Amino acid sequence: MLHQILKAPEGPPSDVERIKEKSDYLRGTLRESMQDRLSAGIPDDDNRLMKFHGSYLQDDRDLRNERQKQKLEPAYQFMLRVRLPGGVATPAQWLVMDELAQKNANGTLKLTTRMTFQMHGILKWNMKKTIQEIHASLLDTIAACGDVNRNVMCNPNPFQSEIHSEVYEWSKRLSDYLLPRTKAYHEIWLDEEKVAGTPEMEEVEPMYGPLYLPRKFKIGIAVPPSNDIDVFSQDLGFIAIVEDGKLVGFNVAIGGGMGMTHGDKTTYPQLAKVIGFCTPGQILEVAEKVITIQRDYGNRSERKNARFKYTVDRLGLETVKDELENRLGWRLVEAKPFHFDHNGDRYGWVEGVQGKWHFTLFVQGGRIADFDDYKLKTGLREIAKIHTGDFRLTANQNLIIANVSSQNKEKISELIEQYGLTDGKHYTALRRSSLACVALPTCGLAMAEAERYLPVLLDKIDAIIDENGLRDKEITIRMTGCPNGCARHALGEIGFIGKAPGKYNMYLGAAFDGSRLSKMYRENIGEEEILSELRVLLSRYAKERQEGEHFGDFVIRAGIVKATTDGTNFHD
């Protein structure tokens, strides 16, 4: 009876559904398009399929108008994203990414808010060999984008190393288990031959089906008390429950997501809601069955309403939970108590277990590059050459030089000092708590600057911070160039969403621990108005805050914005 009342929204399938349907399991004409030397770009249908292979075709928007005047095609280039579950890479893999960024991309690496590497500026004729070299380092780009499960996030926890190790292994198992089974990636990029099968041997996607998911799907695992991965922003979140120092299982949260569309109240950020608890051995099955519910009942007509959060809202939380348990054949047990108290990184040296040390480096905007006065990329390259532990990319776009032996700590400390690599202690805590998406010039969706502009804005906000004695007070501040939410703006105590060049919607009031969304405060304002508003707000916070009170909590208590835990009233 239950199956008869559940159905997907009616309506003609979107263009992307058409593209997937005729793609022969994500092959399309990608092989031929990538071999075509007449253009640096590829057809739009193939670009939609490229996402499943970990890449987007972009163009340099700084050059767009000039090239149009000269009647030249756009300055096409590719962004390439690596699948890196839990954000952990070996020193050897770091060196490969460093070299490829220099050789085939724009010379920089971007550490993303989903804990992985992203490279920009790769030309079409360099794509295949770049992917092959990534593959040779035992990494890949499969499903780093597209309508499938994306990179699985996992709290890096250098101060809970034993628990991190166990939770990290589950993030890797989830990532591998939920991969598409098509061989298209291996055929197109790694030159594996397509096996000609009989009808009985026809290729299938046992979990995703031939149309994959209606939209992208994101999973993250948090380990309390740290919510640095913003577990409630995930389509499917797992909250590790530790009792007597042992991992006993995970609370399950469903239906989160940060994206929205300006001016469309049918779209909104949403917090995931906890529906129960499962043991570690049940986590793969829970994830698979949740994904199949979205596969079967998600919106394939309107992509802006196709994320799992809208499926949960349309069908009802309890209905989705019942359907999940029906597919599992067993019931989730009652969720176990947990507590988050922060979502930031712990900078500098932290001692872990078994005599290992971890150094968390502050990386402004997640951009690994050599600047005129700061040889960040070179310094990290030299560290990677002698490092015997691992590198951990954090959800806050920072980097942990992790599992440093006591014997190696002095050598790495010397390199940190030699290259001036910083834990950010000379910056304000506000700057250390900042996130920004890539935005212009490469993102085709960006309406305003983010990564390039936020540091400039922070220089001016820092002056206000210092005037009010708030230099060491952590306040999360996040900026995205569009409403898609790549920097999780809706969970910033101060959030900015690009509306037009130089103009942003300003949001306030998210919880410091990631458990409450922000609310619209001012719409379509520029720098002068932003600074004017923050001058008043930060002054009030400095004078009126209660002991230990975070900025997001203060603006709620003071009535500056109303509290919300429900994404549907995000705009009210």
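Because the model is predicted, local features need pLDDT of at least 70 and side-chain atom pairs count only at pLDDT 80 or more, while totals for chains, interfaces and linings use all residues. Residues are numbered from 1 along each chain as its sequence is written, and side-chain values use heavy atoms, with hydrogens and water left out.

Let's start with the sheet. Five strands line up as β18-β19-β20-β21-β22 in an open, mixed sheet. β18 (434-436) and β22 (519-525) sit at the edges with a single partner strand each, so one side of each has no neighbour in the sheet. From one strand to the next, the twist averages 15 degrees. Helices (H or I, at least four residues) and strands (E, at least two) are DSSP runs numbered from the N terminus, and two strands pair if DSSP finds at least two bridges between them. β18 and β19 (residues 477-480) pair in the parallel sense over three bridges, and L435 stands opposite R478 in β19. Helix α17 (residues 527-544) packs on this sheet, where it touches β20 (494-500), β21 (503-508) and β22. The direction of α17 makes about 20 degrees with that of β21; axes are lines fitted to C-alpha atoms, for helices over the stretch in contact, and angles run from 0 to 180 degrees between N-to-C directions.

The UniProt annotation "binding site", from an unreviewed entry, covers C437, C443, C482 and C486; UniProt positions are given in the numbering used here, feature names are shortened, and annotations may be inferred rather than shown by experiment. They span 50 residues in sequence, but no two of their C-alpha atoms are more than 11.3 Å apart, so they gather at one spot. C437 lies in the loop between β18 and α16 (454-467), and C482 in the loop between β19 and β20. C437 has a relative accessible area of 12% and C482 one of 9%, so both count as buried (under 20% relative accessible area, with exposed over 50% and partly exposed in between, using a 1.4 Å probe and protein chains only). Not counting residues up to four places away in sequence, C437 touches several residues, including K110, M479 and C486; contact means heavy atoms within 4.5 Å. With that same exclusion of up to four places, C482 touches L445, A446, M447, I497 and G498.

A429, in helix α15 (residues 429-432), is buried at 1% relative accessible area. A429 and D472 are 43 residues apart in sequence, and their C-alpha atoms are 5.1 Å apart in space.

Helix α11 (residues 308-315) is mostly covered, with six of its eight residues buried. These are F308, K309, Y310, T311, V312 and L315, and they pack against β9 (246-254), α10 (283-297) and α12 (317-328). Just after α11, G316 takes a positive phi of about 100 degrees.

Finally, the cores. A nonpolar core is a set of buried Ala, Val, Leu, Ile, Met, Phe, Trp, Tyr and Cys residues joined through side-chain atoms within 4.5 Å. The largest has 98 residues, of which W94, F117, M119, L174 and F238 touch the most other members. α10 gives the most to this core, with eight residues. A second, separate core of 39 residues includes L430, M506, I525 and I530.
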